[in-house]
Amino acid sequence: MRAIDAGLLICHECHQLNTRQPESPKQFCTRCGGRLHERRPNSLVRTWALLLTAAVLYIPANLLPIMTVNSLGKGQSDTIMSGVIELVNYGMLPIAAVVFIASILVPTFKLVGIALLLYSVQRHQPMSARQRILMYRFIEWIGRWSMLDIFVIAILVAVVNFGSLASIEPGYGATAFASVVVLTMLAALTFDPRLIWDNTDSDDDHE
Ligand SMILES: [Zn+2]
């Protein structure tokens with residue numbers, strides 16, 4: 001049974017539970033006065049819009065150089081993937097693993113995961129409410145590692161610049177990558193998790 005069936009509405013701002021008044025068109029929180037919604041308006045459309053923008057920017061984020069290392073008058077540009085390979089060649093395996101996980105695995109899982117969740121909620125298929133909430137929690141959990149990559153680049157820049165014979169400049173790929181990170185974070189925020197329990201076909205989800 002859902003809270004909405006029990007006549008309860010939660011406040012987005014202060015998490016107060018309010019009794020639903022079906023006769024009033026607009027309802028406000030009894031504690032903080034915030035606007036109450038049964039479901040966040042246009043949650044699916046907004047999440048799709050953010051997600052598709054992120055998916056488009058995902059292409060330049062991976063194809064354009066994320067940074068250029070200038071060493072002794074020679075410049076070498078690296079994309080995320082060539083950077084990972086470079087790190088492996090230098091024997092910096094732990095950093096290579098962190099960059100690979102943070103820059104390639106995490107954004108890919110987030111994009112695919114949110115898309116699956118949206119598709120499932122919209123089409124009543126193919127996941128049960130339980131699978132959806134697991135996917136949602138996974139996306140939330142994975143999201144906190146999104147900024148790890150920016151952190152690694154910052155460390156690399158510091159380490160290389162310290163050597164003074166070389167310098168690092170961030171490339172357009174870094175801008176695109178940061179946009180992908182921010183957009184997927186916003187997409188996860190815009191998604192109203194209460195939608196997970198709507199549109200479920202299997203009866204055991206309503207117990
Ligand atoms: Zn409130």
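F191 counts as buried, at 3% relative accessibility; buried means under 20% relative accessible area, exposed over 50% and partly exposed in between, with a 1.4 Å probe and protein chains only. The model is predicted: local features need pLDDT of at least 70 and side-chain atom pairs count only at pLDDT 80 or more, while totals for chains, interfaces and linings use all residues. Residues are numbered from 1 along each chain as its sequence is written, and side-chain values use heavy atoms, leaving out hydrogens and water.

**Exercise 1.** Determine how many aromatic pairs the whole structure holds, and classify the pairs F109–F138 and Y136–F191.

*Solution.* 
Step 1. Rings of Phe, Tyr and Trp (its six-membered ring) pair if their centres lie within 6.5 Å; planes under 30 degrees apart count as stacked, over 60 as edge-to-face and the rest as tilted. A search of the whole structure finds 3 aromatic pairs.

Step 2. For F109 and F138 the ring centres are 6.0 Å apart and the planes stand at 75°, so this pair is edge-to-face. It links distant parts of the chain, 29 residues apart: F109 belongs to helix α3 (residues 93-123) and F138 to helix α4 (residues 129-143). Helices here are DSSP runs (H or I, at least four residues), as are strands (E, at least two), numbered from the N terminus.

Step 3. F109 is partly exposed, with a relative accessible area of 44%, and F138 is also partly exposed, at 36%.

Step 4. The rings of Y136 and F191 have centres 5.9 Å apart and planes at 45°, so the pair is tilted. Here the partners are 55 residues apart, Y136 in α4 and F191 in the segment after α6 (172-190). Y136 is buried at 12%.

Step 5. One aromatic cluster is formed by F109, F138 and W141.

**Exercise 2.** Describe the largest cavity by volume, lining and residue class.

*Solution.* 
Step 1. On a 1 Å grid over the protein atoms alone, a cavity is a set of points where a 1.4 Å probe fits but cannot get out, whereas a pocket is an open set with protein on both sides within 12 Å along at least five of seven lines; lining residues have an atom within 4 Å of a point. Points are joined across faces, edges and corners, and a volume is the space filled by probe spheres set on them.

Step 2. There is 1 cavity of 30 Å³ or more, and the largest cavity has a volume of about 40 Å³.

Step 3. Its lining consists of I114, L117, Y136, I139, A187, A188 and F191.

Step 4. The lining has 7 nonpolar, no polar and no charged residues (nonpolar: Ala, Val, Leu, Ile, Met, Phe, Trp, Tyr, Cys and Pro; charged: Asp, Glu, Lys and Arg; polar: the others, Gly among them).
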